[in-house]
Amino acid sequence: MKQTKGKWFLLVLLLCMAVVAGICVVSTVKVKKKEQTVAALESEVQKKESEQQTQQQPETETQIQTEAKTEVQTETQTEEISETTTETETESRTVENGHVVAIDPGHQGSWVDMSAQEPSAPGSAETKAKATTGTQGRYTGVPEYQLNLDISLALQKELENRGYRVVMTRTDNDTAISNAERALKAYDEGGEIYVRIHANGSDDGSVNGALGMTPSYDNAYVADLAEDSYRLTECILNAYCEKTGFANLGIQYHDDMTGINWSKIPVMILEMGFMTNEHDDTAMQDAEMQINMVNGIADGIDQYFGR
Ligand SMILES: [Zn+2]
């Protein structure tokens with residue numbers, strides 16, 4: 001019986017060992033399996049991540065390409081638009097009438113020293129200050145050089161709209177350019193006529209109206225320009241007075257002016273009105289009147305050229 005009991009005990013022991021061993025094997029396998037699963041999962045995650053990266057990369061590239069394309073497109077569009085605008089501008093200007101008008105806004109800023117002398121005519125021993133400062137609005141306080149510039153710049157635009165090429169002797173108040181230099185610039189830059197824009201002043205505040213100045217047929221320097229200059233003066237002064245309603249004080253001959261004597265093309269001075277007169281001074285600062293003033297001068301220039 002003792003042997004039988006020992007056998008059973010051995011059997012049970014062996015069984016137990018077998019069971020324990022079995023469990024151990026199973027658990028090891030399970031752990032291994034789990035490890036494998038984790039590894040597999042990790043590799044899958046890595047795969048997916050890398051896939052995502054590879055997917056994202058082409059997307060990003062595509063985006064960049066698209067952006068670049070959009071940029072190119074936008075640029076092209078902008079270019080096209082600006083080209084079209086330029087074409088439209090050119091088209092509106094291509095109605096060029098072939099004539100060139102030189103405009104001189106009289107005087108310059110009071111701070112510009114133009115007191116140095118220059119010959120009052122080519123080869124003349126007589127000298128005059130390079131330019132003077134001009135008068136001033138007694139009621140508006142506006143200096144003549146400013147009014148002259150404002151009207152001249154507006155006239156430039158109007159004439160360009162009408163197809164003229166315009167030469168300006170100055171486009172700001174700071175430019176130091178003498179009367180002789182202005183006259184030469186008007187010719188050198190292709191001007192056919194030289195229109196000088198001024199406003200008048202008088203001690204007598206009641207004096208009002210516009211007048212024109214032109215060289216006489218006896219002028220020692222520009223007698224050959226007298227006829228055309230007179231016709232130019234007449235055209236501009238009459239059209240100006242018609243448009244503005246300003247009193248027409250007629251045409252004066254002047255042979256003592258540097259800016260006339262140095263001219264190589266028909267020349268005239270328009271004294272637009274008296275800045276010392278209340279009506280003229282105030283009217284010449286009125287926006288609507290300024291349009292009339294500009295249109296009047298432009299109409300006169302059109303008439304001169306037979307347009
Ligand atoms: Zn003046």
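Visitor: Is Q285 buried, partly exposed or exposed, and why?

Guide: A residue is called buried if 20 or more other C-beta atoms lie within 10 Å of its own, exposed if 12 or fewer do, and partly exposed in between, with the C-beta atoms placed from the backbone. Q285 has 18 C-beta neighbours inside 10 Å, and therefore counts as partly exposed. This is a predicted model, in which local features need pLDDT of at least 70 and side-chain atom pairs count only at pLDDT 80 or more, while totals for chains, interfaces and linings use all residues. Residues are numbered from 1 along each chain as its sequence is written.

Visitor: Where is Q285 found, and with which residues is Q285 in contact, leaving aside its neighbours within four places in sequence?

Guide: Helices (H or I, at least four residues) and strands (E, at least two) are DSSP runs, numbered from the N terminus. Q285 sits in the loop between helix 6 (278–283) and helix 7. Two residues are in contact if their C-beta atoms, placed from the backbone, lie within 7 Å; once neighbours within four places in sequence are left aside, Q285 is in contact with T140 and V142. Q285 and D150 are 135 residues apart in sequence, yet their C-alpha atoms are 9.8 Å apart in space.

Visitor: How does one read the span of helix 7, and which of its residues are buried?

Guide: The expected span of a helix is 1.5 Å times one less than its number of residues. For the 18 residues of helix 7 this gives 26 Å, and the end C-alpha atoms are 26 Å apart, so the two values agree. The buried residues of helix 7 are M293, V294, G296, I297, A298, D299, G300, I301 and Y304, and they pack against strand 1, helix 2, strand 5, helix 4 and strand 8. Just after helix 7, G306 takes a positive phi of about 70°.

Visitor: How do helix 2 and helix 7 cross?

Guide: Two packed helices are described by the angle between their axes and the distance between the axes. Here axes are lines fitted to C-alpha atoms, for helices over the stretch in contact, and angles run from 0 to 180 degrees between N-to-C directions. The axes of helix 2 (residues 144–161) and helix 7 come within 9 Å and cross at roughly 55°. Helix 2 is therefore oblique to helix 7, given that angles under 35 degrees count as roughly parallel, over 145 as roughly antiparallel, 65 to 115 as roughly perpendicular and the rest as oblique. From helix 2, the contact is made by I151, A154, L155, E158 and L159, and from helix 7 by Q290, M293, V294, N295, I297, A298 and I301.

Visitor: What is the strand order of the open sheet, and which strands are at its edges?

Guide: Two strands pair if DSSP finds at least two bridges between them. The open sheet has six strands in the order 4-1-5-8-6-7, with mixed pairing. Its edge strands, each pairing on one side only, are strand 4 (165–168) and strand 7 (248–253). Neighbouring strands of this sheet are turned by 25° against each other on average, with direction ignored.

Visitor: Where is H107, and is H107 buried or exposed?

Guide: H107 has its place in the loop between strand 1 (100–105) and strand 2 (117–119). With 26 C-beta neighbours inside 10 Å, H107 counts as buried. The phi of H107 is near 65°, a positive value in a residue other than glycine.

Visitor: Where does helix 4 lie, and which of its residues are buried?

Guide: Helix 4 (residues 226–244) lies across strand 5 (193–200), strand 6, strand 7 and strand 8, running at about 170° to strand 6. Its buried residues are S229, L232, T233, C235, I236, L237, A239, Y240, C241 and T244, which pack against strand 5, strand 6, strand 7, strand 8 and helix 7 (287–304). Helix 4 is followed by G245, whose phi is positive, near 75°.
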